[in-house]
Each structure stands twice: as C-alpha cells, then as structure tokens.
Amino acid sequence: MAIPIPTRQLFIDGDWTEPLLKKRISIINPSTEEIIGDIPAATAEDVDVAVEAARSALTRNKGKDWATASGAVRAKYLRAIAAKIKERKPELAKLETVDCGKPLKESEADMDDVISCFEYYADLAEGLDAKQKAPISLPLKAFKSYVIKEPIGVVGLIVPWNYPLLMAIWKVAPALAAGCAAILKPSELASATCLELGEVCREVDLPAGVLNILPGLGSEAGAPLASHPHVDKIAFTGSTTTAIKIMAAAAQRVKPVTLELGGKGPIVVFEDCDIDKAVEWTIFGCFYTNGQICSATSRLIVHESIAAEFLDRLVKWSENIKISDPLEEGCKLGPIVSKGQYENVMKFISNAKSEGATILYGGNRPKHLEKGYYVEPTIITDVNTSMQIWREEVFGPVLCVKTFTTEDEAIELANDTHYGLGGAVISKDLERCDRVSKALQLGAVWVNCSQPCFCQAPFGGVKWSGFGRELGEWGLENYLIVKQVTEYVSDEQWGWYEPPKQ
C-alpha cells in the first residue's frame, strides 16, 4: 500500500519557506529500502531566519498576541491543534510508520498520546492564570511579595526519530503553553509528521512565528540552533555524545538546557513472579518500538532459581512475535529506522559473540524478509559486566541477561551502568519492590510492568541519562521563568539613613 508523502518546505513564520540553500534529504522507507519522498534540509542561514521570526512572535503587539496573552488564549490554540490531529490520525499514523518503521498499531497509539499531550498542556496553560501573583509569606509586615511566571523566551527543541511526532510534542506542547516561541528541529531520519504539524498550525491560525519547524542534519541545523545567541534555552532528546556538544555550546551563552538522553535500563525479576506476566513485560520493555527506546529495559537481571524456565519461556514468546512490514495487520516488530542504525545493531550482536556471549535466540535478519532493515528479537546470555553489550546502549531489539542470587546483588547489577533513565522490578512482594525502587539509581521505576508512560507523570534521567524532567507540571516549568515582585507597603519612612537636617 503506497502512502502519499506530502512535499513540504521549512515551516517558518507561519508559512512554508524554501531552504535558502535549497538542500533536501531523501526519505527512505526502512521496510523496503526505497526512496519514497524527501524533506527540506535547513542550514545555519535558515536557523537565523527562524529565530528572528520567533523573537518577533514574542514581541508583536507588545507580546499580547502570545507571550503575555492569558493562558486561556494559548489553551484554545493547543486544543484546536489536538482536534486537527485527531481528524488526521489515520493518515498521520501511516505516515509515521513508513517514515520510521514502527508497527502501525504503535503509531496509532502515539497519535493518541500526541492528542492527549496537547489537551493536557492546554489545561495547564489555563491553570497558569490562576497561579499568577501567588503570594509569599514574609517575616516583615512592611513588605508584601508575590511570584509571577513568565515564558523563558525563544526555545530550541531538538528531537529524535524513534517517536518522531510524540517526542516533539513532549516539548512543543509545554513550551507553547508557557508562552514561549519555538524552533523545532526534528531528526533528518524521520521528519514527515513533524512537518505535517506545521500544516496543522496553519489551519488553526497559530500566530506566525510561534512554532517554526526546521528539519536538517545535526551539524547543519541542530548545532547552529544550540549555539544561537538569540535562543534562550535548548531542550534536547538524543545521545549523550551529542548532548555534551550541546552543553558546551550552551555554556558559551550561559544558556539553560534540559537533556533526556540514552539508557541501559535494568528489569529485575525475582523468583516469586508470575513467569508469563514477567516474560511479556520483559519482551515489551525491550522489543517495543523495534527496541528503539531510550528507556528500554534491555538488561534482564533474573533470579538464578527461575532463570532456566524463564529463558525457555522468553524464547517461546519471542518466537511468536510477528515480524513484518509494519503496515501489516498484527505486526509487532518492524524494521530499524535506517541502514546505518541497522548496521550498528548487527555490530553489537557480532561483538557480543566475539567477546564470548551466547546468542540464545535471534541475532539475524528474519529469513522471510529479504529487504528492509529488520533484526530478529535477540536474547544474549553468558554476559559479563565488562562486555560492550552490557555497558552500551544498542537501540535495537537486543536483550542481554544475567542472573543473581540475592537482592543486594540484583541492585548492584542494576546500578552497574553510567546510565539512569528507566528500569523495572518484578515481584509479588510489594515491600521488596518498594525497597528496590528506592535503591535503583534511575529517573523512573516501573513495578510489575515496563515502559508505561503518561503525560501527567515526570520523565527524565540521572547520571549519563541527562537532567531535567519532561511531562507533567515539571515539563511546563522547563519553559517558565519565576519572577518575584516585592512591594514596600508601610506608610512609614524606611528609616535606614539619617534624614537631612531641615
């Protein structure tokens, strides 16, 4: 089934704008390896134009059009965008699937989450109005003080390709709710649905320049955005390596950043678990979205007394996963996003074998699929903690396994990583789950499940997985400045200095 790919330009200042250098990048369908369209490729010259449009959007009509408008005004636009996306959900889900390779059912779920996220932040935008001028209790009655919250300004939003539109909206929705103007830089590997967001903004008459969308290479568009002197904040989701460069660029301007980075999450399975439930959550935690999840629980740490039975069932469940064109009914595992990423995943598997690990299941291209960047769900055992497969993020459907004897040993293994994004603990003993949850060095812990995500709950990591939190009220605070206003209210002279003699 051919999915039409709209031909778009950059979205700047409320309209479609050809890149100044007229560069474009091919869209390759990862399930067929065929070119199915192209996207515009922004460069530093386009970034300059977009930043100027964003700054103008904040100051137009003395800010009354957006930055200093009431939260209720901004909420109307966010709800209108949500409604338009709901109308276009089937089309956008298919476009997402052919662009990045995730199964259609997952793309449809992502669109539902996009809609919910816009609606949620519309509510929070309205709630901001009631929170303005929140009083502060002071020890001196001669003063009164209150707090106002203002948008941080122009923000650069740099997002990855694994959840192309959803990861963008995790940043776009709260930034707009706060009253910021934004430049969104989607990944060059999957920008199609983010560009369609531009058309949605046109249809709802979002004020020009409030949201600008600039696909392009990281070196040509992302780097100039991160270092731009008139961008007030950068929010980035992606690799730790790129984050280091962004932090260095932002430091030159003392510019705030929030970073949601990679992970190597543990799933700790105790001997008292319901094995089939635990197996399914283990598979979901590592193989969902074709294994391309920063919070993937890709290190299985299972109690030695159940390890043999657990792995046997894990293989049987994995054999039952349908690997196919992601548009096919029932597909549960599609292709890796690109040839480069596919080769990287296969190299991880090859290195694991060469280091002495055992490929218990998978590790190859599925025999029934001659084209496309497909990798079988892969389970690797006989792993030690010095191996690359244990220490580094694969970003593919690859699970490595170790066993443990005691709770303390399980915690030590779980925390044996530079990363700290998400992890899971599986046990019927909820007191033990509570102990382990507190001991794990992670930004998110899932109990008797893996990967649930709600726009109301904070998401982010520790250690090499970044800092700052997205989603929930914490996500909105990322884009707000807190300003205190304090007033002297006494009729008396302050009296610090001696008055001049008459």
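## The largest pocket

α7 (218–227), β10 (233–237), α8 (240–251) and α11 (339–354) each give at least two residues to the lining of the largest pocket. Helices (DSSP runs of H or I, at least four residues) and strands (runs of E, at least two) are numbered from the N terminus. This is a predicted model, in which local features need pLDDT of at least 70 and side-chain atom pairs count only at pLDDT 80 or more, while totals for chains, interfaces and linings use all residues. Residues are numbered from 1 along each chain as its sequence is written, and side-chain values use heavy atoms, with hydrogens and water left out.

The largest pocket holds about 1000 Å³ of space. It is lined by 38 residues, and Trp161, Phe236, Gly238, Ser239 and Thr242 are the closest to its centre. On a 1 Å grid over the protein atoms alone, a pocket is an open set of points with protein on both sides within 12 Å along at least five of seven lines, a cavity is a set where a 1.4 Å probe fits but cannot get out, and lining residues have an atom within 4 Å of a point. Volumes are the space filled by probe spheres set on the points, which are joined across faces, edges and corners.

## Enclosed space

Searching the whole structure turns up two cavities of 30 Å³ or more. The largest cavity has a volume of about 70 Å³. Of its 13 lining residues, Ala296, Ser298, Glu393, Val394 and Phe395 are the closest to the centre.

Leaving out residues up to four places away in sequence, Leu300 touches Ile267, Val269, Thr282, Phe310, Leu311, Leu314, Leu399, Cys400, Val401 and Lys402 (contact means heavy atoms within 4.5 Å).

## Helix α14

Val436 leads us to α14 (residues 430–439), where Arg432, Cys433, Val436 and Ser437 are buried (under 20% relative accessible area with a 1.4 Å probe and protein chains only; exposed is over 50%, partly exposed in between). Viewed down the axis of α14, these buried residues fall within an arc of 135°, so they line one face of the helix; the arc is taken from the directions from the helix axis to the C-beta atoms. They pack against α13 (407–414), β17 (422–426) and β18 (444–447).

Turned away from the buried side of α14 is a face with the exposed residues Glu431 and Lys438. At the start of α14, a side-chain oxygen of Asp429 comes within 3.1 Å of the backbone nitrogen of Glu431.

Arg88 sits in the loop between α2 (71–87) and α3 (89–100), and it counts as buried because its relative accessibility is 12%. Its side chain makes a polar contact with that of Glu91 (2.6 Å). Setting aside neighbours within four places in sequence, Arg88 is in contact with Glu196, Glu199, Val200 and Glu203.

Val254 lies in the loop between α8 and β11 (257–260) and is exposed, with a relative accessible area of 74%. Thr289, in the loop between α9 (275–287) and β13 (299–303), is buried at 1%.

Key:
Polar contact = N/O pair within 3.5 Å; in protein donor to acceptor, adjacent residues only side chain to side chain.
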